[in-house]
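Work through the exercises below with the sequence and the model at hand. Each task is followed by a solution in steps.

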Amino acid sequence: MSESNSAISVNNLWQVFGPNPEKIVGSPDAALPRAELREKTGNTAAVRDVSFEVAPGEVFVVMGLSGSGKSTLVRCLTRLIEPTSGSVVMNGEDVLKASDARLRELRRTKFSMVFQNFGLLPHRRVIDNIAFALEVNGVNKEQRHARANEVIELVGLQGFAQAYPEQLSGGMQQRVGLARALAVDPDVMFLDEPFSALDPLIRRDMQSEVMRLHEELGKTMVFITHDLAEALRVGDRIAIMRDGAVVQMGTAEELIANPADDYVADFTRDVPKSHVLTVRTIARPLASDETASGRSVPATTIIRDATAAILDADGPVAVVEGNTTLGFITPRDFLLLVGGGSHG
Amino acid sequence: MIGKKKATAKASVLAAAAALLLSACGGAGVDAEASAAPTDAAEVAACGSYAIAMHAWVGYTASAQVVTEIAKANGCDITQVPLAEAGVTYDAMEAGSIDLVIEDWGGGRWQEWADRGAVVEVGDNGNIGIIGMYVPQWMADEYPDITDSANLNKYADLFVTDESKGKGAWYEGPPGYTTIGEKMISANKLNFTAISTGSEQALIDVFTKAAADKTPAIGYWYTPQNFLAKVPLARIKFPANDWTDPEQASGLTDYPELPLQKLVSPKVIDANDAFTKIVKNFTWTNDDQNAVAADIESGTDPAVAAQKWIDANADIVAGWLQ
Amino acid sequence: MSSTKETMLIAKPKKLKRSWLIAILFAAWVVLARIFQGQSTLVLAVPEDTGVTTWAGNVAAAIRANRSDGASFKYFFNPIREFIDGFVTGIREIIAIPAGDSSIPLLGWLGVIAVIGFVVYAVSHLRMAITAVILVFTCGALGLWTDSMDTLAMTLAAVIMSLLIGIPVGIWAGLSDRALKAVTPILDLAQILPTLVYLAPLALFFLIGPASATIATMVYSIPIAVRLTAFGIRGVPVSPVEAGTSMGTTKIQLLRKIQLPMSSRTIILGINQTVMAALSFVVIAALIGAPGLGKPVIDALIIRDVGGGFVAGIAVVLIAIMLDRSTSAAISIDESFVPAPASARRRRKLGLVSAAVATIICIVLSRQLAWAAYFPEQVNISKPVANVTESSIFWITENFEFLTTGLAKAVTVGILNPLEGVLSNSPWFLTVAMISLLSLILGGLRSAFITLTLLLAIVASGLWFDTMVTFTQTIVATMLTMSIGVVVGVWIGRSNRAERALRPILDAGQTLPAFVYLIPMLGFFGPSRFTGIATGIVYSIPIVVKIVGQGIREVPTNMIEAAISTGSTKWQLITKVQLPAAKKSLLLATNQGLIFVLAVVVIGGLVGAGGLGYLVIVGGSKPELQGKGLIAGFSILLLGLMIDRIAQYTVARNSAPKH
């Protein structure tokens with residue numbers, strides 16, 4: 001993917017807290033583990049040399065445990081925290097070089113953010129929360145309320161426009177957060193652990209909501225989460241962070257099929273593989289004593305979705321891509337994967 | 001120039017309030033009523049508004065109240081402001097918040113303020129102030145030589161209390177009063193500890209109790225003060241000294257007789273109105289003051305007590321207004 | 001597991017060692033003080049000066065001499081004073097003193113009451129408005145209408161100016177770390193400084209009168225406005241601020257649309273605190289010419305008119321309750337951001353409109369008709385109130401002499417005099433050494449160093465003896481305060497019913513100006529050191545009880561449950577679990593108690609307690625002792641700093657994690 005046609009291009013981004021952050025970047029100290037770096041220089045590197053590209057319309061997930069630097073990373077992208085060095089290019093413009101005025105303009109029109117604790121303004125009605133970015137941009141009341149009402153419909157908040165945030169449930173509050181982020185019709189949305197504070201059932205609903213909105217509106221999204229299931233569910237691609245650095249980046253299937261190190265492997269251990277991997281990953285050549293059943297499934301099918309086809313067949317099922325047969329799967333292969341899933 | 005700033009601040013406050021009020025009503029009807037009513041002051045030339053410092057002792061109240069009543073009858077607007085003696089009051093006069101001290105015991109402490117033009121001395125008020133150290137009469141009867149300061153140390157043990165650190169307890173006047181007790185103790189080489197009593201009433205309590213229970217006590221007192229008529233006290237004789245000589249200030253042996261003075265702000269002199277006349281001419285005797293003070297102490301409202309004296313001495317008052 | 005065991009093994013002997021050290025220190029101190037009794041005490045008679053006080057007197061004289069034509073006065077102090085004087089006079093002319101050529105203020109009494117009722121109704125609710133009206137009317141019925149209005153006007157003027165300065169500075173300190181760092185030491189100092197200390201230096205520059213009283217009040221109340229505003233701004237949750245920033249707000253928009261509305265509750269609390277501070281200061285500022293209720297209070301202290309002073313004290317209390325309740329009612333109405341339903345809003349609008357109409361009618365009446373302009377003299381309950389007060393205090397002192405005099409005597413002879421023997425009547429170097437050593441044991445090396453420096457500064461000031469007199473009274477009052485405060489604090493910490501019953505009394509106790517307490521105490525105990533001590537105790541008990549009670553309440557439930565399940569008795573529970581666990585609160589309460597007591601003990605100079613407070617007051621009225629009075633004020637500050645530093649270091653040392 002070349003830089004010119006990506007929505008966001010992040011290059012060598014660093015964020016170092018401490019007495020003299022500039023001196024760390026590029027020095028040999030930068031490679032030190034976190035504790036040693038602090039011991040030696042008093043600095044903490046929250047984001048280390050992060051680079052990635054996000055394609056237009058893509059949902060890019062940054063995943064990591066708390067303290068891994070993912071929240072700092074997303075704040076660096078929007079300059080809520082000033083990064084120490086690197087570049088963040090959106091639509092050909094380096095956000096880090098923007099003047100204060102230009103940065104405000106970008107924030108008002110080009111990108112928006114959804115927060116873990118919602119960040120709603122308790123003293124304002126739902127409609128005025130949603131219209132806030134338009135308000136600070138000087139849009140008149142009639143227009144901004146008209147736009148807010150559109151977005152209210154979009155996220156399913158009909159009838160709550162006049163309510164106050166404290167009168168809504170957590171899930172509803174985050175719908176307001178989503179609506180607010182959508183109100184300016186941004187190019188990019190940053191979602192910082194948007195559903196972590198919600199109950200599991202509501203979390204699922206909200207994930208579906210985000211996927212629906214993404215399908216309808218096609219927004220580019222950078223989605224931060226610590227929940228692998230969520231990452232797998234909403235993400236087109238996933239970057240896993242640890243100690244401020246990205247340890248692996250790829251599609252869900254790539255991460256699970258080929259974890260880059262023990263850390264990623266540990267992470268993905270509990271994921272039911274049949275739910276993530278495609279049949280391609282377990283296709284194997286036909287053994288000498290086997291005869292193909294004559295049935296076939298496309299290579300991009302998720303294993304789980306091929307269950308019936310595999311189990312119903314009276315022999316190995318072919319995995320095909322176009323006209324090519326990539327390999328075969330037997331019910332035994334399938335059961336081994338499902339049964340032994342937790343042992344990798 | 002300075003006045004302008006004050007005016008601006010005041011004007012902005014009042015403008016805001018007046019905006020609200022004027023929409024509701026015009027001028028205060030109460031004023032029309034007041035000026036329509038016939039008063040004695042009607043023919044008298046206009047008199048300004050003045051603030052009189054009120055010191056705590058009752059004799060002062062008597063004098064100040066008499067001036068207040070006469071001034072009010074002559075159309076002056078009088079405010080009474082309780083304040084401590086001397087420095088605090090002089091500073092208040094310099095700030096323009098006090099216009100008259102009718103009985104100053106400072107012994108010329110005001111000179112510095114007078115030099116700056118903040119305070120003007122307008123003569124004696126006729127009272128002679130004598131501060132001294134007193135014992136209840138029964139002590140003077142029982143120990144005849146005690147009234148000579150040279151013999152005080154002999155009796156020091158009688159005066160020891162919990163508060164006096166093994167020496168004789170020497171009850172000093174309140175902090176706002178003219179007191180030199182510690183200077184006297186050291187100058188006369190006395191085996192006593194000065195104890196601050198905080199208030200005049202406390203001294204009254206001490207002496208009343210000492211007289212009634214025949215307990216020993218030595219304390220600060222002064223004339224003119226009507227209290228001496230109720231509880232007889234004997235004054236201790238100390239070696240005299242020259243009060244006005246600053247060289248002797250650290251070796252003061254006794255309080256002098258002090259002609260009490262009247263101090264005014266320059267505003268009073270400049271106005272040259274009824275109030276100016278009254279305060280310049282006011283003078284009366286210790287007996288006059290004690291008479292009014294006695295009434296006040298017995299529970300008469302000070303204004304009523306003062307008016308009683310004014311009515312009884314109409315000719316004297318008329319003389320002040322000339 | 002083994003490491004905890006080790007810590008316990010080490011910690012226990014160490015703790016034992018410290019308390020032994022303190023005991024040995026005290027024993028040595030008492031013995032040495034006894035041996036050297038009365039030597040090198042640096043006692044200084046009231047009229048005597050030292051090098052430092054003479055110098056201060058000369059400086060003061062030079063400043064006074066500069067007043068008439070010095071540039072600093074001409075172009076700085078006098079314009080400020082004139083401006084404030086104009087502002088204060090303007091406010092007073094609305095409610096308290098005749099406006100311009102008129103014979104009444106802009107508002108007659110009926111108008112004032114109506115406006116107060118309307119304003120309180122507008123910021124809170126009807127019941128509070130009625131209460132406020134009754135309270136203010138009672139002030140009039142106590143025969144103190146004009147004085148009450150003057151106090152109200154002075155408070156209002158000082159509060160308006162304090163907020164105009166304090167809130168912007170507070171916002172700045174809330175937004176900028178550097179600003180906060182710059183103002184924090186000043187705010188901390190202001191918390192330690194007893195009110196009496198402000199008066200003399202300010203009088204030197206702004207003279208005596210309503211203007212300087214207002215300036216002094218502002219100096220006292222601005223830090224409170226700053227502190228709470230900054231606290232409010234900093235207390236706004238991060239995510240709405242981030243959300244606002246991420247939506248491209250400018251700094252002004254962020255402040256106006258997010259930070260200010262969301263911190264409004266804390267800022268209103270700050271206004272409440274500022275109002276109460278200003279009120280309590282306006283009362284004491286009568287010493288430098290503030291008009292209003294402080295005058296009769298001070299008058300009553302000087303001529304010991306207990307009944308009259310008590311009446312004025314009641315009026316202060318009524319105004320304090322009115323101001324406190326109505327400003328805090330304004331907070332509780334805002335508890336939720338959701339406005340009332342439309343029907344209630346309509347009703348309230350109707351209520352406000354009709355109240356406004358009634359208010360305007362009252363204003364008109366109060367300017368047109370004499371009965372509505374001048375508070376009716378027939379309504380006067382001051383005499384009976386004064387008489388009842390005087391006779392009941394008389395009755396108590398007569399019939400319970402063994403209690404009042406006995407208590408005073410027991411404390412004076414049993415605690416005060418022996419302690420004075422150790423602190424002020426022993427050689428100064430012994431006291432300096434012993435206090436520094438104590439500070440070393442309690443707070444560590446830094447604490448000892450600071451203590452030593454401050455003590456030597458006091459010695460250098462020449463007012464060592466008087467400082468130790470004041471210090472002794474402060475310690476005695478604090479010891480008594482703590483012994484009562486801890487018992488009551490434990491009680492309300494353990495019993496919800498006690499908490500509910502005492503809370504209003506504690507709240508009320510905290511809002512009253514210290515000055516007001518002096519009067520009944522003077523009635524009970526007469527002018528003596530004990531009167532100052534008793535006032536200090538009464539004034540500081542509420543804060544001590546509150547802190548201790550909260551500390552006991554915050555002891556984790558699982559600790560208590562664990563103790564109960566092992567069969568502890570109630571007494572064991574309190575002494576072995578709750579009090580040790582609330583140690584930090586106890587230390588904090590002691591610190592606060594000391595500072596509160598110091599502020600009041602100093603005022604005790606007015607009622608015969610001697611010490612530094614007496615010198616401050618004498619210095620105000622005797623020009624030749626002004627230098628000494630100023631240095632006495634400075635010594636109070638040094639003493640307060642020393643107490644605070646020792647306490648802070650002790651707290652820090654005790655709450656530091658043990659290794």
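**Exercise 1. Contacts between chains**

Task: Find which of the two pairs of touching chains has the most contacts.

Solution. Step 1: the pair with the most contacts is chains B and C, where two residues are in contact if their C-beta atoms, placed from the backbone, lie within 7 Å. This is a predicted model, in which local features need pLDDT of at least 70 and side-chain atom pairs count only at pLDDT 80 or more, while totals for chains, interfaces and linings use all residues. Residues are numbered from 1 along each chain as its sequence is written, and chains are lettered from A and ligands numbered from 1 in the order in which they are written.

Step 1: between these two chains, 55 residues of chain B are in contact with 64 residues of chain C. On the chain B side, α1(B) gives the largest share, 13 residues. Helices (H or I, at least four residues) and strands (E, at least two) are DSSP runs, numbered from the N terminus.

Step 2: 23 residues of chain A are in contact with 17 residues of chain C. Here α4(A) gives the most to the chain A side, four residues.

Step 3: chains A and B do not touch, and their nearest C-alpha atoms are 31 Å apart.

**Exercise 2. A sheet in chain A**

Task: Give the strand order of the open four-stranded sheet in chain A, and state which strands stand at its edges.

Solution. Step 1: the order is β2-β1-β4-β5, with antiparallel pairing; two strands pair if DSSP finds at least two bridges between them.

Step 1: β2 (44-54) and β5 (93-94) of chain A each have a single partner strand, so they are the edges and one side of each lacks a neighbour in the sheet.

Step 2: seven bridges join β1 (residues 8-17) of chain A to β2(A) in the antiparallel sense. Gln15(A) has Val47(A) in β2(A) as its bridge partner.

**Exercise 3. A helix of chain C**

Task: Compare the span of helix α20 of chain C with the expected value, and state how many of its residues are buried.

Solution. Step 1: α20 (residues 464-494) of chain C has 31 residues.

Step 1: 23 of the 31 residues of α20(C) are buried (20 or more other C-beta atoms within 10 Å of their own, C-beta atoms being placed from the backbone). The helix α20(C) is therefore largely enclosed by the rest of the structure.

How values were computed: The expected span of a helix is 1.5 Å times one less than its number of residues. A residue is buried if 20 or more other C-beta atoms lie within 10 Å of its own, exposed if 12 or fewer, and partly exposed in between; C-beta atoms are placed from the backbone.
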